[in-house]
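Subject: Structure handover

Hello,

Please find the structure below, with notes on what was found in it. Keep it open while you read.

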Amino acid sequence: MEAKKQVIYLDNNATTQIDKKVLDAMMPFLTDAFANANSTHQFGVHAYEAVKTARIQVSELIGAAAHEIVFTSGSTEAINIAIKGVAENYLSKGKHIVTVATEHSAVLDTCQYLENKGFEVTYLSVKADGLIDLKELKSVFRADTILVSVMLANNETGVIQPIKEIAELAHNFGALFMSDATQAVGKIPVNVDELGIDLLCLSGHKLNASKGAGALFVRQRMNRVKIPALFHGGGHEKGMRSGTLNVPGIIALGAACSIAQKEMSKNAESIGALRNYLEIELLKIEGTAVNGNIENRLYNTSNILFRGADSDAIIMGLSNSDNDLPIIAVSNGSACTSASIEPSHVLIAMGLDEVAAFSSIRFSVGKFNTKKEMDVVINSVKDVVSTLRLMVS
Ligand code: PLP
């Protein structure tokens with residue numbers, strides 16, 4: 001890609017641009033203050049103290065206690081530690097796990113791995129709007145159900161599940177409740193006590209921190225959750241995640257959590273206004289519809305179906321480098337598995353057929369986007385979609 005070409009970045013659910021304030025906070029730990037946080041000399045103690053502050057910053061954003069935070073490389077790792085850990089530690093109770101068909105692959109693939117090891121997994125369906133049916137959930141519990149894992153907000157549609165009710169049901173049936181809150185933390189208020197969450201994962205790069213640092217919340221107050229280590233080594237993170245701490249990444253995560261807490265209501269308003277403006281204008285294009293429940297949804301996400309236009313062709317059309325227009329970065333949920341391209345499993349689970357799933361685009365707005373950018377995107381999408389439709393008619 002040419003360095004000079006302007007980019008309009010509307011793929012903030014994939015990853016976010018690092019906040020300058022976050023970069024400033026982590027920079028000393030990438031340069032002069034490079035000590036190992038476990039070294040006992042004064043240099044190490046400085047890094048240790050900074051990690052301690054970051055742990056508090058992360059815990060405060062989700063209403064947890066600092067000692068309930070385990071730093072990881074991101075959400076995928078946190079999910080693996082949590083689900084495999086519960087599976088191993090609660091074996092005497094049972095081998096049944098409940099999750100949802102629209103979860104991120106980090107959850108689905110971990111569950112599939114456990115199925116291969118003899119666990120039984122129930123994959124709840126979702127309604128056309130992406131929400132689960134609580135009656136269905138109620139009907140699947142068994143005496144040997146050890147864990148319910150339901151994401152807070154969906155990465156493709158932004159749909160927010162009724163987490164408090166789900167957690168209550170899980171607890172009533174004696175199961176633990178875990179939530180993949182990767183897309184929600186930093187955007188909307190998340191309080192693990194109010195929601196009844198036992199295990200939660202979050203990821204720095206989704207909230208304007210750097211890549212490679214995230215956290216797992218493991219409840220230690222009230223109904224303490226015990227999980228064994230996935231990695232064995234120096235006994236870091238109370239033995240739950242051995243390995244030298246990624247001090248700069250952790251400092252960035254802590255700073256980003258603290259900034260998100262301060263900016264949350266302002267961001268909700270400004271990002272929400274941009275997303276709504278974009279969505280209203282795009283829906284004026286004929287043959288369009290929003291995928292997912294529009295009331296229970298993240299304010300930054302809009303997943304739109306453009307009938308008669310292939311989503312990969314739309315993405316390519318918007319990121320054309322042969323003209324003077326900015327490159328527009330958006331995404332679809334299709335995934336490449338070996339040689340074939342699969343439609344989004346989220347949209348398929350919501351009842352869209354393959355053609356519709358292959359004609360849907362996710363726009364995810366972030367705090368650095370502007371109204372001017374939305375106008376460029378609206379015009380470009382209109383042009384690209386009408387050109388594509390003419391080509392197939
Ligand atoms: N869960 C959700 C909902 C996500 O959106 C993502 C990232 O795409 C992940 C988990 C994985 O996060 P990470 O990139 O931190 O491993």
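A helix axis here is a line fitted to C-alpha atoms, over the stretch of the helix that is in contact, and the angle between two axes runs from 0 to 180 degrees between N-to-C directions. Please keep in mind that this is a predicted model.

Helix packing

With that definition, take helix α1 (residues 20-30) and helix α8 (residues 247-282): their axes come within 8 Å and cross at roughly 160°. That makes α1 roughly antiparallel to α8, since angles over 145 degrees count as such. The crossing of the two, α1 and α8, is right-handed.

Helix α8 also meets helix α12 (residues 371-392), where the axes come within 10 Å and the crossing angle is roughly 20°. Are α8 and α12 roughly parallel or roughly antiparallel to each other? They are roughly parallel, because angles under 35 degrees count as roughly parallel. The crossing of α8 and α12 is right-handed.

Asp-24 is in helix α1 and is partly exposed, with a relative accessible area of 45%. Its C-alpha atom is separated by 33 Å from that of Ile-315, which is 291 residues away along the chain. Ile-259 is in helix α8 and counts as buried, at 11% relative accessibility. The C-alpha atoms of Ile-259 and Phe-231 are separated by 31 Å, and the two residues are 28 residues apart along the chain.

Helix α3

Helix α3 (residues 75-89) has 15 residues, and at 1.5 Å a residue it should span 21 Å. The C-alpha atoms at its ends are 20 Å apart, which agrees with that expectation.

How many of the 15 residues of α3 are buried? Eleven are, so α3 is largely enclosed by the rest of the structure. Among the buried residues of α3 are Ser-75, Glu-77, Ala-78, Ile-79 and Asn-80. Others buried in α3 include Ile-81, Ala-82, Ile-83, Gly-85, Val-86 and Ala-87. When you look at the helix, remember that an α-helix has 3.6 residues a turn, so residues three or four places apart point the same way.

Aromatic rings

A pair of aromatic rings is described by the distance of the centres and the angle of the planes. The structure holds three aromatic pairs. One of them is Phe-34 with Phe-43: the ring centres are 5.1 Å apart and the planes are at 85°, so the pair is edge-to-face. Phe-34 is exposed, with a relative accessible area of 58%, while Phe-43 is partly exposed, with a relative accessible area of 35%.

In the pair of Phe-141 and Phe-173, the ring centres are 4.3 Å apart and the planes are at 5°, so this pair is stacked. The pair links distant parts of the chain, as Phe-141 and Phe-173 are 32 residues apart. Phe-141 lies in the loop between α5 (134-140) and β5 (145-149), and Phe-173 lies in the loop between α6 (163-172) and β6 (176-180). Phe-141 is buried, with a relative accessible area of 10%, whereas Phe-173 is partly exposed, with a relative accessible area of 36%.

Two lysines also lie over rings. Lys-84 lies over the face of Tyr-113, at 4.6 Å from the ring centre. Lys-371 lies over the face of Tyr-277, at 4.4 Å from the ring centre.

Loops

Most residues other than glycine have a negative phi. Met-222 has a positive phi of about 50° although it is not a glycine. Where is Met-222? It lies in the loop between β8 (214-218) and α8, and Met-222 is exposed, with a relative accessible area of 53%.

Lys-238, another residue that is not a glycine, has a positive phi near 55°. Lys-238 is in the loop between β8 and α8 and is exposed, with a relative accessible area of 62%.

Finally, His-67 lies in the loop between α2 (42-61) and β2 (69-72). His-67 counts as partly exposed, at 40% relative accessibility.

Regards

Methods. Residues numbered from 1 in each chain as written. Predicted model: local features only at pLDDT ≥ 70, side-chain atom pairs only at ≥ 80, totals over all residues. Heavy atoms only, no water. Helix = DSSP H or I, 4+ residues; strand = E, 2+ residues; numbered from the N terminus. Expected span 1.5 Å × (residues − 1). Buried < 20%, exposed > 50% of the residue type's maximum accessible area, 1.4 Å probe, protein only. Phe/Tyr/Trp six-rings, centres within 6.5 Å; stacked < 30°, edge-to-face > 60°. Lys NZ or Arg CZ within 6 Å of the ring centre and 35° of its normal. Parallel < 35°, antiparallel > 145°, perpendicular 65-115°, else oblique. Left-handed = near helix turned anticlockwise from the far one by under 90°.
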